[in-house]
Amino acid sequence: MYTFTDTWYGDVYQYPTLAAAKREAKKLTYGHSIAIYRKGEIVAIIKPNESPLP
């Protein structure tokens, strides 16, 4: 599983594929980068959107 923590609310999300995790993380950056983990290691970092607030 690929996991990341939402930078706005602190919720943790899990996805079966890296592509799915990246797609959803891009929606939740809110001005901060999001690290995606697998087995405790960072596998990707998603940069923030240009319009950071929801």
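What radius of gyration would a compact globule with 54 residues have, and what does the protein chain have? I looked that up before anything else. A compact globule of 54 residues would come out near 10 Å, and the protein chain has 10 Å, which agrees. The radius is taken over C-alpha atoms, and the globule rule is 2.2 Å times the number of residues to the power 0.38.

**Ground rules**

I have to remember that this is a predicted model, where local features need pLDDT of at least 70 and side-chain atom pairs count only at pLDDT 80 or more, while totals for chains, interfaces and linings use all residues. Residues are numbered from 1 along each chain as its sequence is written, and side-chain values use heavy atoms, with hydrogens and water left out.

**Overall layout**

I found one helix and four strands in the protein chain. Read from the N terminus, the order is β-β-α-β-β. Helices (H or I, at least four residues) and strands (E, at least two) are DSSP runs, numbered from the N terminus.

The C-alpha trace spans about 30 × 20 × 15 Å along its principal axes. I noted an accessible surface of about 3,800 Å² for the chain, with 52% of that belonging to carbon and sulfur atoms; areas come from the Shrake-Rupley method with a 1.4 Å probe, and for residues only the protein chains shown count as cover.

How many of the 54 residues count as buried, as a percentage? I got 26%. Buried means under 20% relative accessible area, exposed means over 50%, and partly exposed is in between (1.4 Å probe, protein chains only).

I also checked contacts (heavy atoms within 4.5 Å). Among those between residues at least 6 apart in sequence, 26% join residues at least 24 apart.

On charges, I counted 7 positive and 5 negative side chains, with the centres of the two sets 9 Å apart. Lys and Arg count as positive, Asp and Glu as negative, and His and the chain ends are not counted. Each charge is placed at NZ of Lys, CZ of Arg, CG of Asp or CD of Glu.

**The core**

Which residues make up the largest nonpolar core? There are twelve: Tyr 2, Phe 4, Tyr 15, Ala 20, Ala 21, Ala 25, Leu 28, Tyr 30, Ile 34, Ile 36, Ala 44 and Ile 46. β1 (2–5), α1, β3 and β4 each give two or more residues to this core, and α1 gives the most, with three. For the record, such a core is a set of buried Ala, Val, Leu, Ile, Met, Phe, Trp, Tyr and Cys residues joined through side-chain atoms within 4.5 Å. In soluble globular proteins, nonpolar side chains tend to be buried together.

Thr 29 sits in the loop between α1 (18–26) and β3 (34–38). Is Thr 29 buried or exposed? I have Thr 29 down as buried, because its relative accessible area is 0%. Beyond four places in sequence, Thr 29 touches Thr 7, Ile 34, Ile 46, Lys 47, Pro 48 and Asn 49.

Tyr 30 is in the loop between α1 and β3 too, and counts as buried at 14% relative accessibility. Most residues other than glycine have a negative phi.

Lys 39, in the loop between β3 and β4, also has a positive phi, near 55 degrees. Lys 39 is exposed, with a relative accessible area of 76%.

**Strand and helix stops**

Ile 45 belongs to strand β4 (residues 41–46). I noted Ile 45 as exposed, because its relative accessible area is 56%. Outside its four-place neighbourhood, Ile 45 touches Ser 33, Ile 34 and Ala 35.

Ile 42 is in strand β4 as well, and touches Ala 35, Ile 36 and Tyr 37, leaving out residues up to four places away.

My last stop was Glu 24 in helix α1. Glu 24 is partly exposed at 22% relative accessible area. Setting aside neighbours within four places, Glu 24 is in contact with Phe 4 and Tyr 15.
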